[in-house]
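The sequence and structure come first, and the packing is described after them.

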Amino acid sequence: MSAAIETLWTRKHLLGLEDLSADEINTILKTAASLKEVSLRPIKKVPALRGKTIVNLFFEPSTRTRTSFELAAKRLSADTINIASSSSSLTKGETIIDTVNNLEALKVDAFVVRHASAGVPNLIAQHARASVINAGDGAHEHPTQALLDLFTIQEHRKKIAGLKVSIIGDISHSRVARSNIWGLTKLGAEVTVCAPPTLLPVEIERMGVQVTHDANEAVENADVLMLLRIQHERQETQLIPGIREYRLRYGIDAQRLEKAKPDLLIMHPGPVNRGVELDSFAADGKSSVILDQVTNGVAVRMAVLYLVIGAPEGTPLEGAVV
Amino acid sequence: MNRAAAKPGLLMDAQAIRRSLVRIAHEIIERNKGVQDLALIGIRTRGAVLAQRLAQEIAAIDQHEVEVGILDITLYRDDFSRVAPNPIVHETDIKFDITNKRLVLVDDVLFTGRTIRAALNALHDFGRSKCIQLAVLVDRGHRELPIRADFVGKNVPTQFSDRIRVQLEDTDEIECVKLELSGGAV
């Protein structure tokens, strides 16, 4: 057990991995490893957050992330409330800040926020006394997804440093890709992003990654392959000529995997578009750790909730860009 | 100052610790009429080390292996919101079913009893054991809850502000039990 991992947690919010140090990321992963065991018990519950109230504030539809956060909160004995924008006063014209202030008046301890616009969790963190956890904001960050990806890689490979990770898919619109690039590079992995030029942000190299447009090259040297969902809307906006062409050039199928390392890990944040970015052969094959990612998501979110809600008072804006 | 407490300094050396553990191992076997259905649960960190050693002593005496589990009680503390920054969570590792087992909970020092309270709550979540007994290396008094030990290495009268420092080879490289005053003077 190294001394570095014992670094104490002081952040009240988790808004992105860009702000975190490698030590802080390791503290979350270490805590998640300890908490994973709780979900294997006959009684899957510990009293650590008894009496705390957590609000899932989802301005964008989500099933797996919301369910995962809700289970994480419940396994720590916290009370949870789910608010979806479609059924809240936001449809009556209330501002986000007013909604948050009203919820705070009900004495809640944490907000788990998802929004289609980048920066909304940060905005809420500036106004809230409660902790704020980013559950995905626009194309900015989705820190808990990247943390569960890091956790899953570490579980299978015992390390992150030195691994070659290729991320293939719609990098431009992906908060998952951004959070993963921050997390992986901080922990010493070598990251390659692979996509058609239209789905790659300009100057993405400045985040410390390699760029390729050749999927075979991305697969060949990789220890880990992360696929991203290709949304059908991208075809309508003419960023890709067609789903079929994308599949031919970037889809992961049996043929493309022939040149892969035998111990390759295949990951996907879900939901998978089978037959587009990933064939069933690969999604269900021995290399796939997609369902491990889902299982680990609960442990990682338990760790994040435990750490931020337990953070000491007096650091209300830590991690928020004011 | 009128101290009705033990003097600061060395309370137990390596040999004294070993003798206490051998005696406790005998007492555990005697009390439970053998090792049938017996299992040891060590409380992290030093209780876990002591539980492993007790298991070895019991095996040496009775020729039977007893199962050993490790319990981390961080998630069951009653001072979660008052301890800052928050304590590190370590893994709980109990690989066997505790239902109908005779459990011996093992810790290094028994003080207020709050750690044991947390451990009892935690064990309750793993199933219904037949009974739970408590073994500690040092009982220093000042209980805040109705809890007592079944097996004690050494009873040490202390002031509330004193500190008992248990060091074991596995975790600390040296092996001894010391009493330190609150001011740090020894």
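## Helix and sheet packing

H1(A) and H5(A) are roughly perpendicular to each other (angles of 65 to 115 degrees; under 35 is roughly parallel, over 145 roughly antiparallel, the rest oblique). The model is predicted, with local features needing pLDDT of at least 70 and side-chain atom pairs pLDDT 80 or more, while totals for chains, interfaces and linings use all residues. Residues are numbered from 1 along each chain as its sequence is written, and chains are lettered from A and ligands numbered from 1 in the order written.

Helix H1 (residues 22-36) of chain A packs against helix H5 (residues 143-157) of chain A at about 65°, with axes 10 Å apart. Helices (H or I, at least four residues) and strands (E, at least two) are DSSP runs numbered from the N terminus. Axes are lines fitted to C-alpha atoms, for helices over the stretch in contact, with angles from 0 to 180 degrees between N-to-C directions. A:Ile25, A:Ile28, A:Leu29 and A:Ala32 of H1(A) meet A:Leu147, A:Leu150, A:Phe151 and A:Gln154 of H5(A) (C-beta atoms, placed from the backbone, within 7 Å).

In chain B, five strands form an open, parallel sheet in the order E3-E2-E4-E5-E6 (strands pair if DSSP finds at least two bridges). Strands E3 (67-71) and E6 (151-155) of chain B stand at the edges, each with a single partner strand, so one side of each lacks a neighbour in the sheet.

| Helix | Strands touched or crossed | Angle |
|---|---|---|
| H2(B), residues 46-62 | E2, E3, E4 and E5 of chain B | about 150° with E2(B) |

Key: Two residues are in contact if their C-beta atoms, placed from the backbone, lie within 7 Å.
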